[in-house]
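Here is a short report on selected local features of one protein model. Read it alongside the sequence and the coordinates.

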Amino acid sequence: MGIAFDFAPDRPEHIDAILNGLDRYNPETTSVFQDYVAQQCEDRTYDCYANLALLKLYQFNPHLTRDETTTNILVKALTVFPSPDFSLCLHLLPPHILNPASSSSSLPAAGDAPLSEAVQKLNVLNNLLSEANYKGFWSTLDSDDLYADLVADVSGFEELMRIRIAVTIGQSCREVERGVLEGWLQLRGQEFERFITDICGWGIDDTTGVKGTVIIPINKENEAKGTVVRENVQFDQFAKIIHRAYEQPA
């Protein structure tokens with residue numbers, strides 16, 4: 001049995017009471033949810049259900065919207081990819097926020113960007129992750145000071161992203177060249193080796209390739225298994241079809 005969508009092990013009791021009652025639609029609870037988002041950013045917890053509830057309140061009460069909280073929710077959603085949380089959050093934003101900013105306007109400085117541009121920037125990162133273009137993700141993240149400003153409130157953002165990237169790699173690969181994986185994780189040298197061995201539990205084979213090969217243990221996701229499909233169809237099941245083929249048209 002899977003985990004329920006609205007489950008969050010670290011959710012405080014007062015937040016759980018709001019989500020399960022009519023107060024989740026009360027504009028006065030907006031500040032409570034906003035403080036909860038800030039708490040998630042600080043202590044590295046995550047509660048998608050509560051964050052979606054806040055975005056829904058912003059839909060009903062646009063005057064209460066806080067741009068910084070909205071971008072923090074999107075950044076937190078990035079840290080749990082490949083789940084669809086980022087897309088769910090996008091679908092609760094107003095259409096004018098989702099449209100690209102006008103190309104005729106000059107780009108604002110970091111920390112002073114309109115919400116629309118910030119959302120477009122974060123959507124670029126999400127698309128790169130969806131394409132498994134991890135090296136492109138890191139280069140894009142480092143290409144603009146605005147990105148650094150957008151992720152600044154989320155504690156340990158880069159570490160969380162490396163862990164999620166490693167999880168997806170571990171589900172699809174058995175071996176990866178060290179040089180390639182260094183680019184995917186944006187780590188080099190001892191930092192790379194420490195992350196691979198201590199956090200991921202993987203091994204490094206220095207006898208192969210130029211820089212060596214990272215060996216990923218077999219798991220139920222990356223294990224190659226042959227699938228045999230057997231059809232158990234009785235001839236009697238086709239009796240009516242064969243009979244109709246020989247019937248004369250009326």
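## Thr-30

Thr-30 sits in helix 2, residues 30-43. Helices here are DSSP runs of H or I, at least four residues long, numbered from the N terminus. The model is predicted: local features need pLDDT of at least 70, side-chain atom pairs count only at pLDDT 80 or more, and totals for chains, interfaces and linings use all residues. Residues are numbered from 1 along each chain as its sequence is written, and side-chain values use heavy atoms, with hydrogens and water left out.

Thr-30 counts as buried because its relative accessibility is 4%; buried means under 20% relative accessible area, with a 1.4 Å probe and protein chains only. A polar atom of the Thr-30 side chain lies 2.7 Å from the backbone oxygen of Pro-27. Leaving out residues up to four places away in sequence, Thr-30 touches Leu-54, Leu-57, Tyr-58 and Leu-64. Contact means heavy atoms within 4.5 Å.

## Helix 8

Helix 8 spans residues 134-141 and is mostly covered, with six of its eight residues buried. These are Tyr-134, Gly-136, Phe-137, Trp-138, Thr-140 and Leu-141. The cover includes helix 7 (115-130), helix 9 (145-150), helix 10 (157-172) and helix 11 (178-185).

## Helix 4 against helix 7

Helix 4 (residues 67-78) packs on helix 7 at about 0°, with the axes 10 Å apart. The two are therefore roughly parallel, a term for angles under 35 degrees. Axes are lines fitted to C-alpha atoms over the stretch in contact, and angles run from 0 to 180 degrees between N-to-C directions.

Helix 4 contributes Asp-67, Thr-70, Thr-71, Leu-74, Val-75 and Leu-78. They meet Leu-115, Ala-118, Val-119, Leu-122, Leu-125, Asn-126 and Leu-129 of helix 7.

Conventions: Buried < 20%, exposed > 50% of the residue type's maximum accessible area, 1.4 Å probe, protein only. Polar contact = N/O pair within 3.5 Å; in protein donor to acceptor, adjacent residues only side chain to side chain. Parallel < 35°, antiparallel > 145°, perpendicular 65-115°, else oblique.
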